[in-house]
Amino acid sequence: MRAMPAKALPYLLLLPATVFLLVFFVYPFVQIAILSVTGPNGFTLQPFTTMATHWKFNSALGWTLLLALVVVPLQLVMALSMASIVTKLKTGRSAILYIFSIPLGLSDLAAGIVWLAIFEQSGFLNSMLVGLGITEQPILFLGYQNIWMIFIAVVLAELWRATAIVMVILVSGMGLIPKEYYEAGEVFGASAWQRFVKITLPMLRPSLQSALILRTLAAFEVFAVVSALGGTTLPVLMGETYQWQFALQDRSVASAYAMVILAISIVATLFFLRVLRVPRGATI
């Protein structure tokens, strides 16, 4: 029996992942792309026209982008702080890392329900406010007239639920930075902040790039948390995709929404790849 050529081994190892991507990503993407430009009479851009002229499209696009612009930077700052704390701990590091990562065990919907239990009229927040005598009666925080309160609740839920994944990526990246760099910085009199800015952040570029791409794409696709806390009061792109697919029974317009989300995701990915690109030949 002839041995497998060494050159063929890498391709064989990549074959399962390639087949998975072709079956579960490329094929559905092609189907959705075709559906978004197909009508009863063949090729048409009517689904995109219907989507763009619908009264909720601009609101959904605006709220989705605003949510990403608010949540992602806050998650990055919080994750950097949490990762720095975990990295500097000498004892109890595993316990603290585990505690920080607990929200990762919850699904999007479960996280939304947890925060719904806090903000609803009979929830924990109203119970505390009434119990302390701050308010005489429960406040309707998540009513349709308080859309900004719903937005804040979604932001808090997303920060609580998903910051840990960014932290885990950054902890892994910080663990790869040689301690000699920090020791050299101390010898030359660099402060803790200067070491963080001049050593930690530049060396974390690959991890920052991965974390920001991952969280930005997830922010564009947020749905379950918004649905649990605000229903359709706070329109987002994924929510409108769901509405057109199942409530309005128009798969073509739903596919057009999916293509818009994909386009925004690609632009965001290219932006982070460009801004946080790692110089060729650079190593940690």
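This is a predicted model: local features need pLDDT of at least 70, side-chain atom pairs count only at pLDDT 80 or more; totals for chains, interfaces and linings use all residues.
Local features were taken at pLDDT of at least 70 and side-chain atom pairs at pLDDT 80 or more, while totals for chains, interfaces and linings use all residues. Residues are numbered from 1 along each chain as its sequence is written, and side-chain values use heavy atoms, with hydrogens and water left out.

Rings of Phe, Tyr and Trp (its six-membered ring) pair if their centres lie within 6.5 Å; planes under 30 degrees apart count as stacked, over 60 as edge-to-face and the rest as tilted. The count comes to 13 aromatic pairs. Trp115 and Trp160 are edge-to-face, because their ring centres are 6.2 Å apart and their planes stand at 70°.

Turning to open space, a pocket is an open set of points on a 1 Å grid over the protein atoms alone where a 1.4 Å probe fits, with protein on both sides within 12 Å along at least five of seven lines; lining residues have an atom within 4 Å of a point. The largest pocket holds about 630 Å³, a volume being the space filled by probe spheres set on points joined across faces, edges and corners. Its lining numbers 17 residues, with Ser84, Thr87, Lys88, Lys179 and Tyr182 nearest the centre. The second largest pocket has about 390 Å³ and 15 lining residues, among them Phe25 and Leu262.
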